[in-house]
Amino acid sequence: MATPLVDMRNISISFGGVRAVDDVSVDLYPGEVVGLLGHNGAGKSTLIKILSGAYEADHGEIFIDGEKAAIRNSRDARDYRIETIYQNLALADNLDACANLFLGREIVNAAGLLDEPAMEAAAREVIGRLNPNFRKYHAPVAALSGGQRQSVAIARAVHFNARILIMDEPTAALGVQETRMVAELIQQLKREGIGIFLISHDLHDVFDLSDRLSVMKNGKLVGTVRTQDVTKDDVLGMIILGKMPGQAAA
Amino acid sequence: MTPAETPDHRTRSSDEARSPMTDSTNSLDQSIAQKQHTRLAALLSSQTFWVFIAVILACLYLSFATDSFATSKNLYNITRNVTFVAIIALGMTIVIISGGIDLSVGSVLCLCSMVLAVTMHAGYSIEIGIAAAIGTALVVGAFNGILIAYLGFPPFVVTLGMLSVARSLAMVASNNTVVFEFGPDHDKLLALGGGAWLFGIANPVLYMLVLAALTGFVLRWTRFGRHVFAIGGNEQAAILTGVPVRPIKVAVYMISALSAGIAGIVQTGWLGAVTTNIGAGMELQVIAAAVIGGADLAGGVGTALGALVGAALIEVIRNSLGLLGINAFWQGTFIGGAIILAVLFDRIRNIRRRD
């Protein structure tokens with residue numbers, strides 16, 4: 001089988017006396033979506049923050065493209081082309097889509113001034129590819145719908161060559177229509193060979209979007225299953241009881 | 001406004017020259033049309049625009065209702081009086097866009113004036129006096145900014161403290177006396193502030209226009225300006241996307257203090273004397289000007305033009321009350337009313353937009 005894009009092996013991290021993540025291994029292949037599930041406090045966010053550089057693991061190793069990676073901060077993560085899309089999307093509501101896309105990485109011309117035409121052209125290219133119906137390039141993003149805001153946030157990650165995307169509760173606050181739009185975005189990203197970790201505490205948000213599901217409970221990995229092999233009830237059992245399907249409940 | 005529009009018109013005309021046949025050109029045309037449309041809508045929904053209309057209407061009314069308003073002497077007075085508040089309001093607008101506030105500007109104006117006056121009184125040249133005043137402003141601004149950006153102090157508290165400290169230092173520097181002799185370069189200083197070097201326009205007005213153009217340009221066309229807006233819009237997002245939030249915040253408070261320092265230097269030259277109570281209470285007028293001009297105290301919104309228009313409205317109200325023979329005690333009521341009215345329209349628009 002191909003080399004995994006991300007391979008996190010035997011990761012552990014403690015805060016004070018609490019083992020937030022305990023000997024957890026997960027992996028992710030190009031063009032694949034892995035849903036990371038568990039209750040609040042199960043350790044999934046902590047695990048993923050180790051990948052995005054917010055925390056450093058006490059034990060364990062991370063391999064990117066089969067090579068051992070040292071991710072000490074978010075800049076390192078960015079160098080490995082890991083981009084995170086936060087639940088609140090990290091958009092400045094008073095700025096338009098182009099300004100948000102290039103926030104912190106604005107293109108400037110020879111005189112050192114903002115090169116608006118270049119930024120707008122790039123924004124149209126990348127947002128248009130992800131969401132052909134997107135029109136509101138010049139409105140403050142406060143005026144956009146939830147799905148359009150997602151498009152801008154995802155476009156930002158894609159434009160800066162993300163290969164590994166971490167999406168935190170991407171559809172939690174969205175309506176049916178908007179959720180479908182995000183699902184289409186994710187399909188588009190998969191076709192481009194990007195690997196995606198979807199983090200959620202709600203199975204229904206990620207079941208249909210994910211190729212595989214990794215379930216965590218109390219800092220430990222319950223198990224990883226292929227979505228096509230299991231039912232929602234099986235996965236609920238994993239989340240609630242902490243048992244793989246087929247095992248007897250304790 | 002104008003620099004923002006030029007490149008768009010260029011895009012538009014070159015687009016019309018091509019034949020808009022393909023879908024992509026069509027959608028580009030649509031989006032440009034939409035952009036023009038948004039421009040007009042943005043103008044009509046902009047607080048600055050309506051306040052500007054209010055200023056014009058007030059001026060027209062006063063020209064007919066009184067003999068004394070439209071005289072060149074009165075207009076000269078108005079424009080010159082506007083400038084000190086307006087220059088500081090430019091700096092304040094940047095602070096407010098970044099989501100902060102600076103209460104110390106009135107005292108910083110006083111301190112810088114006094115540093116200039118005392119230095120020149122001691123026999124130093126005007127260049128050294130101005131350098132000392134500007135240096136003082138930058139140090140004060142950096143102090144405010146570092147406490148706010150790196151130590152997480154609330155801007156309100158830090159600058160409230162500085163309001164007290166700066167005026168006290170001005171008293172210490174001058175032993176609380178009035179300084180009206182500025183040494184060998186006395187006349188140069190008075191010419192700098194009181195002259196009219198270009199077409200009979202009072203010098204302070206020229207400085208104000210140049211600084212406003214500079215502020216508008218920086219806010220619109222530089223990364224710094226873009227980052228100031230981003231910090232005011234969503235500071236967390238700015239941090240996550242790698243905007244250097246802390247250095248920018250320090251710079252913002254330095255600019256604010258600098259604007260107060262410049263106003264102090266010009267005002268010293270204009271008045272020809274410095275007392276330790278100049279600029280007292282000025283911070284509130286300045287904030288009022290910025291807010292009337294459309295700056296949002298919640299952060300993320302504001303323009304340089306708005307700062308000028310806001311300052312102009314306040315001055316026209318003040319001036320007109322005098323000319324119309326209304327008791328000066330009413331001044332506060334009218335200016336306060338203007339602040340509330342300006343923000344009220346903004347609230348109504350926001351509520352409608354949310355529906």
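# A tour of chains A and B

Select residues 1-26 of chain B. Their pLDDT (the predictor's confidence in each residue, from 0 to 100) stays under 50, and the model has 15 contacts beyond four places in sequence for them. Two residues are in contact if their C-beta atoms, placed from the backbone, lie within 7 Å.

This is a predicted model, in which local features need pLDDT of at least 70, side-chain atom pairs count only at pLDDT 80 or more, and totals for chains, interfaces and linings use all residues. Residues are numbered from 1 along each chain as its sequence is written, while chains are lettered from A and ligands numbered from 1 in the order in which they are written. For the complex, the predictor gives an ipTM of 0.76 and a pTM of 0.81.

**Chain B as a whole**

Colour chain B by pLDDT. The average is 84, and 86% of the residues score at least 70.

Now switch to cartoon. Chain B has 15 helices and zero strands. Helices (H or I, at least four residues) and strands (E, at least two) are DSSP runs, numbered from the N terminus. Chain B has 355 residues, of which 44% count as buried. A residue is buried if 20 or more other C-beta atoms lie within 10 Å of its own, exposed if 12 or fewer, and partly exposed in between; C-beta atoms are placed from the backbone. Of the contacts in chain B between residues at least 6 apart in sequence, 76% join residues at least 24 apart.

**Annotated segments of chain B**

An unreviewed UniProt entry places the feature "transmembrane region" at several stretches of chain B, including 190-219 and 250-274. UniProt positions are given in the numbering used here, feature names are shortened, and annotations may be inferred rather than shown by experiment.

Select 190-219 of chain B: 73% helix, 0% strand, with end C-alpha atoms 32 Å apart. Then take 250-274 of chain B: 88% helix, 0% strand, with end C-alpha atoms 29 Å apart.

**Where the chains meet**

Show both chains. The contact takes 18 residues from chain A and 20 residues from chain B. On the chain B side, α2 (23-44), α10 (223-233) and α11 (235-240) each supply at least two residues. α10(B) gives the most, with five residues. By class, the chain B side has eight nonpolar, nine polar and three charged residues. Ala, Val, Leu, Ile, Met, Phe, Trp, Tyr, Cys and Pro count as nonpolar, Asp, Glu, Lys and Arg as charged, and the others, Gly among them, as polar.

**A buried strand in chain A**

Go to strand β3 of chain A, residues 33-37. Five of its five residues are buried, so β3(A) is largely enclosed by the rest of the structure. A:V33, A:G35 and A:L37 cover one side, and A:V34 and A:L36 the other.

β3(A) and β8(A) pair in the parallel sense over five bridges. Two strands pair if DSSP finds at least two bridges between them. A:L37 stands opposite A:S200.

**Two positive phi angles**

Most residues other than glycine have a negative phi. Select A:D65, whose phi is near 55°. A:D65 lies in the loop between β4 (59-64) and β5 (67-69) of chain A. With 13 C-beta neighbours inside 10 Å, A:D65 counts as partly exposed.

Finish at A:R81, with a positive phi of about 60°. A:R81 sits in the loop between α2 (74-79) and β6 (82-85) of chain A. A:R81 has 16 other C-beta atoms within 10 Å and is partly exposed.
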